[in-house]
Amino acid sequence: MTLNIGVIGTGAIGREHIRRCSQVLQNSRVVALNDIDRRQCEEVAAALQLQAEIYDSAHDLINAPDVQAVLVTSWGPTHEEFVLAAIKAGKAVFCEKPLAVTAQGCMNIVEAEMAGGKKRVQVGFMRPYDSGYRALKQVLESGEIGAPLMLHCAHRNPEVGDSYTTDMAITDTLIHELDVLRWLLNDDYVSAQVIWPRKTRHASSHLKDPQIVLLETAQGTRIDVEIFVNCQYGYDIQCEVVGESGIARLPEPVAVQTRSNAALSVAILTDWKKRFIDAYDVELQAFINNVLADELTGPSAWDGYAAAVAADACVAAQKSGDIVQITMPPRPAFYQ
Ligand code: NAD
Ligand code: ISE
């Protein structure tokens, strides 16, 4: 069986996912494309030799009879509208992070999905599909290092464009840690605080960079995440768990070590697309398989909501400088 997919948004990650769904993964075919910039769809279709219909309206794509599942890879503020439309059309939808730009927007999706009585949404949180994070979780669950007491994490990008704003460090960047750490610890956040180191001269005048987010979980684990989006040297994701009787670290991506010119070196990646390339493949293959098997099991609309609630608190903490409480309603049985 082959799943016919329609993709809304043919920018950076949209193109990556179209390539995967049409050239890398099993049992999928991209049959429809939409973007507010129609030329981009034409370019992608030509570059990948796709036989895909190009729609001028995302809603027409969602409702097209031959589109069985929708990938939403457009700009964040459009996600809520397109995911709600896919749910209404009774179609499975894979939505890139963030599920919606506010917690209320995510809750609207949760409510619509529950009202429809069936899970149709997978959020594009790929890190739980990364082999490194999976191995780290296995160590934690084995009990080898005891209970997790503290986590020291970093999310570093070499640079960002001028349109990147201080709150995007939370809603666009930290959101991955907000999801994966909650999954890793099997815990929820109860408070957030943001503190500001000296600003780098490489950040644009309106951007505060770096920043450190301090999180506390319901079980009392303390987490610090450094977000540094103009670090210059590479795309670097770090996660160290300090347990009662040992330390566990996220493995580095595989890279060849060289000895030359009187130096011992290992290259550091610079492109986020490469750092989690396998995880993106695995998450989307899981989505395709699960839609075909009629049972979604990946990061859910509830996970999207939980990350958004924490993100809202972090943005409030950025603005106030205070420790902001994070309160989640109980998880509905639908998402157990
Ligand atoms: P991008 O700007 O390169 O692409 C976004 C595309 O959406 C553009 O082509 C734009 O024309 C299109 N678009 C905007 N409004 C639209 C509308 N109303 N209808 C149809 N198309 C519309 O951005 P990107 O880097 O590809 O990011 C897209 C989404 O994917 C964002 O939500 C981003 O956070 C997420 N993302 C996730 C990851 C990840 O690691 N999971 C990585 C990068 C981006
Ligand atoms: C980007 O949108 C992503 O989602 C990447 O995974 C992330 O690392 C980067 O910081 C974001 O800008």
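Reader: In which sense do strands β7 and β11 pair, and over how many bridges?

Author: Antiparallel, over eight bridges. This is a predicted model. Strand β7 covers residues 148-156, and β11 covers residues 236-243. M150 has V242 as its bridge partner in β11.

Reader: How many bridges join β7 to β10, and how do these strands run?

Author: Seven bridges, and the two run parallel. Strand β10 spans residues 222-228. Here R156 of the pair stands opposite F228 in β10.

Reader: Now the six-stranded sheet. What is the strand order?

Author: The order is β3-β2-β1-β4-β5-β6, in an open sheet with parallel pairing. An edge strand pairs on one side only; here the edges are β3 (53-55) and β6 (121-124). From one strand to the next the twist averages 25 degrees.

Reader: Which strands of this sheet does helix α1 touch?

Author: Helix α1, residues 12-24, packs on the sheet and touches β1, β2, β4 and β5. Its direction makes about 150 degrees with that of β2.

Reader: How many bridges join β4 to β5?

Author: Four, between residues 69-72 and residues 92-96.

Reader: What about the whole chain? How many helices and strands does it have?

Author: Ten helices and 15 strands. For overall shape, compare the radius of gyration with the globule rule. The chain has a radius of 20 Å, close to the 20 Å that the rule gives for 336 residues, so it is as compact as a globular protein of that length. Along the principal axes, the C-alpha atoms fill a box of roughly 55 × 55 × 45 Å.

Reader: On to the ligands. Which residues are closest to ligand 1?

Author: I13, D35, E96, K97 and Y280 are the closest of the 26 residues that surround it. Next, look at polar atoms. E96 places a polar side-chain atom 2.9 Å from a nitrogen atom of ligand 1. K97 uses its backbone: an N or O atom there lies 2.8 Å from a ligand oxygen. The side chain of H176 has an N or O atom 3.4 Å from an oxygen of ligand 1. Then check burial. Ligand 1 alone exposes 840 Å², and the protein buries 78% of that.

Reader: Which residues surround ligand 2?

Author: K97, H155, N157, D172, T173, H176 and Y235. Polar side-chain atoms of D172 and of H176 each lie 2.8 Å from an oxygen atom of ligand 2. For Y235, a side-chain N or O atom is 2.4 Å from a ligand oxygen. Taken alone, ligand 2 exposes 300 Å², of which the protein buries 85%. Note that H176 also has a polar side-chain atom 3.4 Å from an oxygen of ligand 1.

Reader: Where is P210 placed?

Author: In the loop between β8 and β9.

Reader: What is the phi of Q49?

Author: Near 50 degrees, a positive value in a residue other than glycine. Q49 lies in the loop between α2 and β3.

Terms used. Residues are numbered from 1 along each chain as its sequence is written. Chains are lettered from A and ligands numbered from 1 in the order in which they are written. This is a predicted model: local features need pLDDT of at least 70, side-chain atom pairs count only at pLDDT 80 or more; totals for chains, interfaces and linings use all residues. Side-chain values use heavy atoms; hydrogens and water are left out. Two strands pair if DSSP finds at least two bridges between them. Axes are lines fitted to C-alpha atoms, for helices over the stretch in contact, and angles run from 0 to 180 degrees between N-to-C directions. Contact means heavy atoms within 4.5 Å. A residue is near a molecule or strand if one of its heavy atoms lies within 4 Å of it. A polar contact is a pair of N or O atoms within 3.5 Å; within protein, one must be able to donate a hydrogen and the other to accept it, and residues adjacent in sequence count only if both atoms are side-chain atoms. Accessible areas come from the Shrake-Rupley method with a 1.4 Å probe; for residues, only the protein chains shown count as cover. The radius of gyration is taken over C-alpha atoms; the globule rule is 2.2 Å times the number of residues to the power 0.38.
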